[in-house]
Amino acid sequence: MRTSNWILTAALLVSVSAAAQQPTESQPSAQPLPPDTTQATQSVGSAQQAPATAQPTAVPLPPPTVAAPTTMDQVVSLFIEREHGLIKMLSNRTPVVETYLQNLSADPQLGPIPSEDHYFLGRLDMGESVDRKDYLKEEEKSMQQRLMGGFQKLYKVQYQPMGFSWMVYADRTDFDRDHYDFHYVRREFLGDVRCLVFDVLPKPKSGRGRFLGRVWVEDQGFNIVRLNGTYSPAPRNSYFFHMDSWRLNLIPGYWVPSFIYSEEGDFAAGAKNKLAFKAQTRIWGYDLKKGSKDDELTQIRVDSVTDETPTTQDASPLQAERVWQQQAEDNVVERLTEAGLLAPEGDVDHILQTVVNNLEVTNNIDLPRPVRTRVLLTSPLETFSVGNTIVISRGLIDVLPDEASLAAVLSHELAHIVLGHNLGSKYAFNDRMLFNDDSTYQNLGFKHIPEEETAADKKAVDLLKNSPYAQKLDNVGLFLKALQARAVNLNALLTTHLGNPLAEAGTVSRLSALSTQGPALDNNKLDQIAALPLGGRIKINPWDDKAEMVKTAPVAITSARDKMPFEVTPFFPRLSRYGAGAAQPAAPTTAANSAPSQGSN
Ligand SMILES: [Zn+2]
């Protein structure tokens, strides 16, 4: 686990050698799909330093409504004021922040493709001054050391995770007219929201690391909803990444930082800059409730504590064992939800449970308790099960091409449950739930021994061959081939934190009996979609962590480069106002799926 310098150091700033003789070493993620619903049966994304501060549970009061401005100058004053209001409102929050980064190399056929990847997960203390100004005031040498977080090799490219979070705000301390010039550009719709667009330029001599770029300001509350640009000027031998930062109107009156996309790289002939990557930063868990148990005590609900087991009989030893396992399961699910790693039960689970049910019914599986499913909120591709709960990561749902592939990854965990491979019973002891959120991955784990993995894979294939998905297993084979093709380059995406990995040392091991099934992988076949980019299937509400399926219209693929399997793409959430329609958060979709006119860069 890293220490707090992880939070203090700026991750945005990259030191680049003038000579750049050493190999680039860096740290870097991607987009998904809904299950296809054409089946005959029912159809239907390393934890570090987490500040342990208690989080408020109440939704903040919306700011008072303001008189409609009549000049652009008044608009500028309003959004500056609202920006400071947002910083203050969020100052006691510690949301989860995840950055997934893919370094890129040029492929003649596919264009820039991931060559290696890096993953960061942590908690962002919104009250902590991730404050460029502080270190920039220092002497340059020590400043650079601090920015580099103690890394000795200043001539390598080092990504520091918190840097990707800088752009939650344009300027945390000095976003005002003394430090910036604001120029109105035009009006523009982002999704359903009409915005006023302003270019923001730091005043001469206003200091290093000032925001330089463009902001979009919605025209009712005058909150900034999007920032796009970089920071300037950068210290010598260093520069700041470019970023596109989006906010969502998740609570009345506030637009909350949710998605940040970063990209660098020039693949034009003769380009000198060798640094090339794409990175997605997602922020969620703003409303994680610590101490909600206390709230529960103050409003006692008798019905919620009723013992529902039949009282006329004593528990048999087997029943006792099952109740014990269920306690463990409930403990784990509750703890992971509290830590901001599991979505609360919701609509996506209904889809997942339908797929599991299809497998169960056709295989005559009758379990003493129904199988439940939950969505792990993180990007790395993983599944695991605890008791009768199957957990699947957002990132994995995202990249699966169809319902049969979803059934395949769920069937492996269902097989563990059917075979009685229960690992979780030690978590029925409540002391094992008493740990800090940031050490969740050190305290929980659901990795099976190799023999159980082999047995589960074998059983899973049996289940699939006897299911409504039996005729679609070619697609599963294609997915596994696509995963194999990228496995060596996506080590971070394939590194699991709680369950067994799908691939180890660059080789896909999961469901290997199906890996030869189906046609050969062929990038030139535009109708062959073996795996999807990250981010296209599941959207998470960053305030309450609820997961929903993304609704996107199909977009025609016109070249092999459009496929982008397992890749990171820009965010283009469809912005909407709080409470508008049934919609809660806007969906992060791929740039290909929606195309609002883009700001200058
Ligand atoms: Zn397994």
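In this predicted model, the zinc ion is held by His412 through NE2, His416 through NE2 and Glu453 through OE, at 2.0 to 2.1 Å. Donors here are N, O and S atoms within 2.8 Å of the metal (3.2 Å for Na, K and Ca), and because water is not among the atoms, sites may look incomplete. Along the chain the donors of the zinc ion follow the spacing H-x3-H-x36-E. Histidine 412 belongs to helix 9 (residues 403–418) and glutamate 453 to helix 11 (residues 450–465), so the pair ties together parts 41 residues apart in sequence. Helices (H or I, at least four residues) and strands (E, at least two) are DSSP runs, numbered from the N terminus. Histidine 412 is buried at a relative accessible area of 0%, and glutamate 453 also counts as buried, at 12%. The term buried denotes under 20% relative accessible area, exposed over 50%, and partly exposed the range in between (1.4 Å probe, protein chains only).

Residues are numbered from 1 along each chain as its sequence is written. In this predicted model, local features need pLDDT of at least 70 and side-chain atom pairs count only at pLDDT 80 or more, while totals for chains, interfaces and linings use all residues; side-chain values use heavy atoms, with hydrogens and water left out.

The chain as a whole comprises 12 helices and 18 strands. Of its 601 residues, 55% are buried. The chain exposes about 25400 Å², of which carbon and sulfur atoms supply 51%; accessible areas come from the Shrake-Rupley method with a 1.4 Å probe, and for residues only the protein chains shown count as cover.

Strand 12 (residues 372–376) has 4 of its 5 residues buried, so this strand is largely enclosed by the rest of the structure. Strand 12 pairs with strand 14 (residues 389–393) in the parallel sense over 5 bridges, where pairing requires that DSSP find at least two bridges between two strands. Within this arrangement, leucine 376 has serine 393 in strand 14 as its bridge partner.

Charged side chains provide further links. Side chains of opposite charge can pair when their charged atoms come close. A search of the whole structure finds 24 salt bridges, each defined as a side-chain nitrogen of Lys or Arg within 4 Å of a carboxyl oxygen of Asp or Glu. One of them joins arginine 247 to glutamate 83, at 2.8 Å from N to O. Arginine 247 counts as buried at 1% relative accessibility, and glutamate 83 is buried with a relative accessible area of 1%.

A further salt bridge connects arginine 210 with aspartate 171, whose closest N and O atoms are 2.7 Å apart. Arginine 210 is in strand 6 and aspartate 171 in the loop between helix 4 (140–147) and strand 4 (180–190), 39 residues apart. Both arginine 210 and aspartate 171 are buried.

Arginine 335 takes part in two kinds of contact. Its salt bridge with aspartate 437 has its closest N and O atoms 2.9 Å apart. This pair links aspartate 437, in the loop between helix 9 and helix 10 (440–443), with arginine 335 in helix 6 (residues 317–338), 102 residues apart. Both aspartate 437 and arginine 335 are buried. Arginine 335 also lies over the face of phenylalanine 435, at 4.5 Å from the ring centre. Such a placement requires NZ of Lys or CZ of Arg within 6 Å of the ring centre and within 35 degrees of the ring normal. Arginine 226 likewise lies over the face of tryptophan 216, at 4.3 Å from the ring centre.

Contacts between rings complete the account. The whole structure contains 16 aromatic pairs; rings of Phe, Tyr and Trp (its six-membered ring) pair if their centres lie within 6.5 Å, with planes under 30 degrees apart counted as stacked, over 60 as edge-to-face and the rest as tilted. Phenylalanine 211 and tyrosine 231 form an edge-to-face pair, 6.1 Å centre to centre with 70° between the planes. Phenylalanine 211 is in strand 6 (residues 210–218) and tyrosine 231 in strand 7 (residues 224–232), 20 residues apart. Both phenylalanine 211 and tyrosine 231 are buried.
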